Amino acid sequence: MNELLIIGLAGFATGITTVLFGFGGGFVVVPFVYQLLLQQLLLASQAMHIAVATSTAVMIFNAGWASYQNWRAGKLHDVPLLPLIWFIALGAVIGSWLAGVMSDMWVRRLFMLYMVVTIADCLLRKGFFSRTAPRMLTRLTVSAGGTVIGVIAAMLGVGGSVMTVPLLRRHGYAMRDCVSAANPLSLPVAIFGAITYAISGWQQIPASGYLGFISLKILLLLVVAGFIGMVFARRCIPAVPDVWHARTYVLLLCLVLLAIAV
């Protein structure tokens with residue numbers, strides 16, 4: 001019962017962060033699921049792989065539903081989705097394969113390093129808290145940057161929003177537009193990443209109820225609780241000023257780093 005409650009709370013929180021910050025799953029799901037699986041002897045050695053893979057699968061549903069809602073509301077037309085989405089998809093395949101062949105310890109270390117670099121970048125470089133004049137993404141940023149985003153996002157199960165949001169933010173977009181773009185940009189990571197994790201983890205988990213590295217039971221619970229969280233966020237949480245939206249975003253990253261480190 002305690003495990004179900006923990007997963008339910010993680011899923012609910014994931015639904016809220018999907019709507020407010022474009023986090024389709026990874027930053028909330030990975031620490032919770034990782035800590036939960038560490039308590040199970042048969043799964044402890046693969047805990048990080050399972051957490052990352054299941055998080056990636058959750059994003060298919062969360063980011064997909066949020067993207068559909070934003071499209072219906074007309075919130076996607078001003079954001080450069082198509083130039084980035086193909087290169088992110090390419091990087092997602094590479095990143096998922098790399099995660100499958102790396103040790104569990106190294107995936108966790110890279111997750112923590114990635115969080116530290118991202119938080120430092122948001123705090124130290126200008127342009128995230130204070131909005132700049134809008135400017136176009138360069139071809140190099142779209143191609144090389146998009147591929148790198150896909151690799152890191154799929155390898156660590158974080159969806160890419162933590163990179164796409166700061167990227168678009170520094171190109172002059174309001175936080176609400178950055179968040180609206182983050183969900184559809186996470187979809188190629190989620191789809192290609194989940195397929196790769198299912199294949200690379202085939203018959204590697206000594207327990208039933210797994211599709212490769214993906215835990216089907218945890219996936220179902222997270223998706224249901226996440227949907228409830230998304231409905232709650234859209235109906236009950238009011239819009240916040242742009243600068244506080246950006247500050248809360250960074251604060252959430254700090255909390256997740258603390259959770260995975262401890």
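This is a predicted model: local features need pLDDT of at least 70, side-chain atom pairs count only at pLDDT 80 or more; totals for chains, interfaces and linings use all residues.
Colleague: Which element gives the largest share of the lining of the largest pocket?

Modeller: That is α8, with five residues. A pocket is an open set of points on a 1 Å grid over the protein atoms alone, where a 1.4 Å probe fits, with protein on both sides within 12 Å along at least five of seven lines; lining residues have an atom within 4 Å of a point. Residues are numbered from 1 along each chain, and side-chain values use heavy atoms, without hydrogens or water.

Colleague: Which elements each supply at least two residues of that lining?

Modeller: They are α1 (2–21), α3 (47–72), α8 (175–200), α9 (216–236) and α10 (242–261). The lining has 22 residues, and Val19, Leu20, Arg176, Ala239 and His245 lie nearest the centre of the pocket.

Colleague: How much space lies in the largest pocket?

Modeller: About 550 Å³. A volume is the space filled by probe spheres set on the grid points, which are joined across faces, edges and corners.

Colleague: What is the volume of the second largest pocket?

Modeller: About 380 Å³. Its lining has 17 residues, with Asp121, Arg125, Met163, Pro166 and Leu167 closest to the centre. Two or more residues come from each of α5 (104–124), α6 (139–156) and α7 (161–169), and α6 gives the most, five.

How values were computed
Helices (H or I, at least four residues) and strands (E, at least two) are DSSP runs, numbered from the N terminus.
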